[in-house]
Structure formats: structure tokens, C-alpha cells
Amino acid sequence: MSIATIVLGESGTGKTYSLRNLDSAQTLLIQAVRKPLPFRATGWARMDREKKQPGNIFVSDFSARIINLMQKTSRKIIVLDDFQYVLANEFMRRSNERGFDKYTEIGRHAWDILTVANNLPDDVRVYILAHTQNDEYGRVKMKTIGKLLDDKITLEGLFTIVLRTVVTDRRFQFSTINNGSDTVKAPPDMFPDQLIDNDLAAVDTCLCDYYGISTTHAPAA
């Protein structure tokens with residue numbers, strides 16, 4: 001069983017930047033929205049099948065394609081960035097459909113991705129990056145397409161580890177402990193502090209140490 005983690009935060013609070021120290025040779029980045037990386041990306045390259053150019057960055061917001069990428073890669077770290085756009089883009093593509101069945105289907109597609117993220121080989125770590133929203137009670141949670149989907153599935157409930165970005169005095173960090181009004185959670189002795197640097201490589205080290213996952217890998221294909 002793979003270890004999947006959610007990282008929540010508003011746009012510009014350091015979610016994607018937190019990838020900067022990950023080993024590109026062991027990381028597959030799936031972007032729901034194509035965009036440049038916010039750091040000097042040595043070793044990170046977009047795959048171009050027409051030019052037969054290898055790479056570790058793929059763009060897709062289709063659940064079946066994302067699942068196929070996650071299941072086929074030999075890389076041990078998978079990052080799915082802007083997960084909320086997987087939901088939102090399908091909703092917009094189907095905006096002419098009437099009735100509520102599409103909400104069930106969009107929720108099922110999200111559930112399919114997250115279920116696969118939790119059921120890859122034991123040494124695989126998956127990081128799902130997504131925006132936040134406030135629910136009707138003011139609690140901060142993962143952004144979705146609204147209550148009609150939220151009534152069917154609580155996405156954070158599928159995960160043991162949920163982190164959230166915190167920006168204070170131009171310092172970008174992850175919160176590792178619930179503040180009573182968000183969905184942050186993690187084993188209490190996994191991370192050294194309540195606030196840690198927004199560095200997914202450091203998070204991955206803590207996670208592997210906690211669960212006894214070896215980080216010595218053969219070169220990824």
C-alpha cells in the first residue's frame with residue numbers, strides 16, 4: 001500500500017515550489033493545468049511523445065489518463081498538482097448536461113484517482129496538491145466543485161496525512177497539526193515541529209523514516 005499525502009493551500013503559498021528539492025529522476029509530476037515550474041528545474045522536463053523527448057512532467061486532467069500514468073511509472077514519488085482542476089475542468093466540459101448524475105460521476109472519477117494513489121506499491125509516495133475553500137461552517141478544506149459533490153465524498157477522509165501551507169513574514173511553511181478549523185492531520189510523531197519548511201523532499205524523508213521505506217532505488221525508467 002502506497003503512502004499518499006494531501007498538501008492544501010491557496011494559490012501562491014508555496015505548494016508547487018515545495019517540489020524544488022525532490023529528485024527529478026525519481027519523481028513523476030502530473031499537472032492538471034500546464035504551467036511553468038516556479039523554480040530552476042534542473043532535470044525536470046516535459047515529455048513530448050511527438051519529438052520522442054523523455055521527461056518526468058505530464059499534463060492531463062482526465063482521471064483515466066492520470067490513473068494510467070500513476071500505475072505505469074517506475075518512479076517512486078508521484079505528485080499530482082492542482083488536483084481541484086481535475087474536478088473543475090470535467091465540470092466545465094460537462095456544463096451543458098442537466099441533472100445531478102454528473103456530480104456523482106465527477107465524484108467517482110476523483111475517488112478513483114485517490115483510491116489508486118493509496119494502492120500503489122508499498123515504496124511509492126503520492127503527493128496531491130490542491131487549493132482550499134471554506135465550508136459553510138468556516139472550516140478550511142480541499143476545494144471541490146461544491147456541496148453537491150461534498151455531500152457524496154469527503155476527500156481528506158481517504159488520507160492519513162494532510163498538510164496545509166502557512167505564510168508568515170514571507171516565510172513559507174507547512175502546518176502539520178490541525179488548528180481546530182481545518183483538515184490538517186498527521187501522526188503526532190512524524191514531523192519535528194508544528195510548522196515545517198515547505199520542502200516536499202524533507203517531508204518525504206520524514207515519511208519514509210516513519211514508515212520504514214527504503215529510499216535507495218534503481219534508476220527510474
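Let's start with a charge and a ring: R93 lies over the face of F62, 4.1 Å from the ring centre. Before we go on, please keep in mind that this is a predicted model.

Staying with rings, how many aromatic pairs does the structure hold? There are four aromatic pairs, and I'd like to show you two of them. As a reminder for anyone new to this, a pair of aromatic rings is described by the distance of the centres and the angle of the planes.

Take F91 and Y103 to begin with. Their rings form a tilted pair, 5.9 Å centre to centre, with 40° between the planes. F91 lies in helix α2, residues 84–93, and Y103 lies in helix α3, residues 101–117, so the pair ties together parts that are twelve residues apart in sequence. Are these residues buried or exposed? F91 has 23% relative accessibility, so F91 counts as partly exposed. Y103 has 12%, and therefore counts as buried.

Y103 has another ring partner, F100. That pair is tilted too, with 6.4 Å from centre to centre and 35° between the planes. F100 is exposed, with a relative accessible area of 58%.

In sequence, K147 and Y103 are 44 residues apart, and in space their C-alpha atoms are 9.8 Å apart. You'll find K147 in helix α4, residues 147–150. K147 is exposed, with a relative accessible area of 52%, where the cut-off for exposed is over 50%.

Now compare that with another lysine, K141. Where is K141? Its place is in strand β7, residues 140–142. At 14% relative accessibility, K141 counts as buried, because buried means under 20%. Leaving out residues up to four places away in sequence, K141 touches L8, H131, T132, Q133, D135, D150, E156 and T183.

Next, a stop in a loop. T13 lies in the loop between β1 and β2, where β2 is residues 27–31. T13 also counts as buried, with 15% relative accessibility. What does the side chain of T13 reach? It reaches the backbone oxygen of E10, at 2.6 Å. The side chains of T13 and T165 are joined by a polar contact of 2.7 Å. Again leaving out residues up to four places away in sequence, T13 touches T165, V167 and F172.

Let's move to whole helices, with α1, residues 63–72. Which residues of α1 are buried? They are S63, I66, I67, L69 and M70. Look down the axis of α1 and these buried residues fall within an arc of 160°, so they line one face of the helix. The face turned away from that buried side carries the exposed residues A64 and K72. As for neighbours, the buried residues of α1 pack against β2, β3 (57–59), β4, α2 and α3.

In α5 the buried residues are L200, A201, V203, D204, L207 and C208. Seen down the axis of α5, they fall within an arc of 155°, so they line one face of the helix. On the other side of α5, T205 and D209 are exposed. What do the buried residues of α5 pack against? The list is β1 (3–8), β4 (77–81), β5 (125–130), β8 (161–168), β9 (171–175) and β10 (195–197).

D199 caps the N-terminal end, with a side-chain oxygen lying 2.9 Å from the backbone nitrogen of A201. Just after α5 comes G212, which takes a positive phi of about 70°.

To wrap up, here are the things to find on your own screen. Then look for T13 and its polar contact with T165. Finish with the buried face of α5.

Terms used. Residues are numbered from 1 along each chain as its sequence is written. This is a predicted model: local features need pLDDT of at least 70, side-chain atom pairs count only at pLDDT 80 or more; totals for chains, interfaces and linings use all residues. Side-chain values use heavy atoms; hydrogens and water are left out. Buried means under 20% relative accessible area, exposed over 50%, partly exposed in between (1.4 Å probe, protein chains only). Helices (H or I, at least four residues) and strands (E, at least two) are DSSP runs, numbered from the N terminus. The arc is that of the directions from the helix axis to the C-beta atoms. Contact means heavy atoms within 4.5 Å. A polar contact is a pair of N or O atoms within 3.5 Å; within protein, one must be able to donate a hydrogen and the other to accept it, and residues adjacent in sequence count only if both atoms are side-chain atoms. Rings of Phe, Tyr and Trp (its six-membered ring) pair if their centres lie within 6.5 Å; planes under 30 degrees apart count as stacked, over 60 as edge-to-face and the rest as tilted. A charge sits over a ring if NZ of Lys or CZ of Arg is within 6 Å of the ring centre and within 35 degrees of the ring normal.
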